[in-house]
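Let's take a friendly walk through this protein together. Have a look at the sequence and the fold below, and then read on.

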Amino acid sequence: MASSKWHVEQRDSLSSESPLSRDLDHAPETGSLSIVVLGASGDLAKKKTFPALFNLYRQGFLLPDEVCIFGYARTKITDDELRNRIRGYLVPGKDPSPEQLEDVSKFLHLIKYVSGSYDSEDGFYNLDKEISEHESLKQSAEGSSRRLFYLALPPSVYPSVCKMIKTCCMNKSHLGGWTRIVVEKPFGKDLESAEQLSTQIGELFKEPQIYRIDHYLGKELVQNMLVLRFANRLFMPLWNRDNIANVQIVFRENFGTEGRGGYFDQYGIIRDIIQNHLLQVFCLVAMEKPVSLKPEHIRDEKVKVLQSVLPIKDDEVVLGQYEGYRDDPTVPDHSNTPTFATVILRVHNERWEGVPFILKAGKALNSRKADIRIQFKDVPGDIFKCRKQGRNEFVIRLQPSEAMYMKLTVKQPGLEMETVQSELDLSYMQRYQGVSIPEAYERLILDTIRGDQQHFVRRDELKASWEIFTPLLHSIDRGEFKSIPYEPGSRGPPEADKLLLEKAGYVQTHGYIWIPPTL
């Protein structure tokens, strides 16, 4: 149930030393809060943005006596029509409880809808009028309220929408309030277009007002990376080229483009997944220890490691396209757009010289998962002759079934001295029973309200990431780099596995399968 009482109980239950407690205590809570979802009638808003806001409301982070949520889009519909469109996305399952239905009803009454175009002042002045009426109703002093604009829109309209917000809907920040914008990926298609987009938005808003969202940074196990690396003495001396043979960061889907072929074909798997999601994970695995947990200190280290990445070599890339992809009528008959890619990154610094980082993503594969796989080097002087069983690996399963486990060699129970590979396992569903793991968008929207940019992409970080991949992407766009056909439901092109063995030195474990523990 959403209530102030729940909110107080949650805050009281947090340790006074907890970072979350400190965040809550220092969050700006004066003035009303207006959240505007631009593109409110689109799929992203219905499936991700509004459900995340609902969950924050249910947990007491959005208080009904402070917040109003505005939907804005070109579609001419009423408040109730928007509410009915998103109602079914708020509670999973077919049989919600009476308490859940009551929460849904209360939340939906916080939502208002404003119709207007994305490049006309009339609609945005009307939106500003509605926001101002809400602020007046909540008796906020002029300019002391908070305004958050979430652009659930294609990047092509970002400049015009940002211009309209700047012209028509700004709060008076010098009086104690703020105006912030959240922009979704993709941030351009290459270095030039990304820089152009950043310049256009940067001319209107200061960097602390811009939140470039990458939902992978909100995932629970991604958020755990800094704690794992820098709060455990066990890992600190091992996390380097002396001990680690290679690192894999993998994203797999067991379905194809499913009606999104025309959209996907404009970008491909590298722009859609690798250049943003997987590269952000790479930064957290490879970066040096920041001076503190302040957002700028963390983002400084991410930029440094991105700037240390060497140019990608052609012979360390494998592209694939699943058979049947071009059967989609929205996909060009001769499309070379990759639906699969394996790319090796090499970092030129003292910690990682010589260690390959393998970024791999694909659609229509044999499984659905995302994980980080850190493979350690062979044990020198192996007296047990157990190398054939595989190396030690530390695996972080990002989705589904969040877990982390260490693959170790142990003695097989019995009278003989035989070895077998097993694991030390932390499976979240078993260890944290009854604990709800928040969706990534919930965490990131809450961070935006709090003004914490730690898990958002800074402009120089975005620029550095595009510098790594733009030469390869231009080569693909010119048709100089061909995608290899692969069978749907397979591991992808066999050439990708060959690349891991020959160029990355990956040693595959044979006969071992990780089985998530049962409750």
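## Strand E5 and its neighbours

Valine 183 stands opposite arginine 212 in strand E6. This is a predicted model, so keep that in mind as you explore. Valine 183 belongs to strand E5, and E5 is joined to E6 (residues 210-213) by 3 bridges, with the two strands running parallel.

Strand E4 (residues 146-151) also pairs with E5, again in the parallel sense, and here there are 6 bridges.

How many residues of E5 are buried? The count is 6 of 6 for this strand, which spans residues 178-183.

## Two helices side by side

Two packed helices are described by the angle between their axes and the distance between the axes. For helix H7 (residues 158-168) and helix H8 (residues 191-202), the axes come within 9 Å and cross at roughly 10°. Angles under 35 degrees count as roughly parallel, and that makes H7 roughly parallel to H8.

Which residues meet here? From H7 come Tyr158, Pro159 and Cys162, and from H8 come Leu197, Gln200 and Ile201. Sorted by class, this contact has 5 nonpolar residues, 1 polar residue and no charged ones.

Most residues other than glycine have a negative phi, and most peptide bonds are trans. With that in mind, find alanine 364, whose phi is positive at about 60° although it is not a glycine. Alanine 364 sits in the loop between strand E10 (356-362) and strand E11 (369-376). Is alanine 364 buried or exposed? Its relative accessible area is 6%, and because buried means under 20%, alanine 364 counts as buried.

The other spot is a cis peptide bond between glutamine 399 and proline 400, with omega at about -20°. Proline 400 lies in the loop between strand E12 (393-399) and strand E13 (403-411).

## The whole protein

Now step back. The protein has 17 helices and 16 strands, and 54% of its 519 residues count as buried. It exposes about 24300 Å², and carbon and sulfur atoms supply 51% of that area.

Among contacts between residues at least 6 apart in sequence, 77% join residues at least 24 apart.

Notes
Residues are numbered from 1 along each chain as its sequence is written. This is a predicted model: local features need pLDDT of at least 70, side-chain atom pairs count only at pLDDT 80 or more; totals for chains, interfaces and linings use all residues. Side-chain values use heavy atoms; hydrogens and water are left out. Helices (H or I, at least four residues) and strands (E, at least two) are DSSP runs, numbered from the N terminus. Buried means under 20% relative accessible area, exposed over 50%, partly exposed in between (1.4 Å probe, protein chains only). Contact means heavy atoms within 4.5 Å. Accessible areas come from the Shrake-Rupley method with a 1.4 Å probe; for residues, only the protein chains shown count as cover. Axes are lines fitted to C-alpha atoms, for helices over the stretch in contact, and angles run from 0 to 180 degrees between N-to-C directions. Angles under 35 degrees count as roughly parallel, over 145 as roughly antiparallel, 65 to 115 as roughly perpendicular and the rest as oblique. Ala, Val, Leu, Ile, Met, Phe, Trp, Tyr, Cys and Pro count as nonpolar, Asp, Glu, Lys and Arg as charged, and the others, Gly among them, as polar. Two strands pair if DSSP finds at least two bridges between them.
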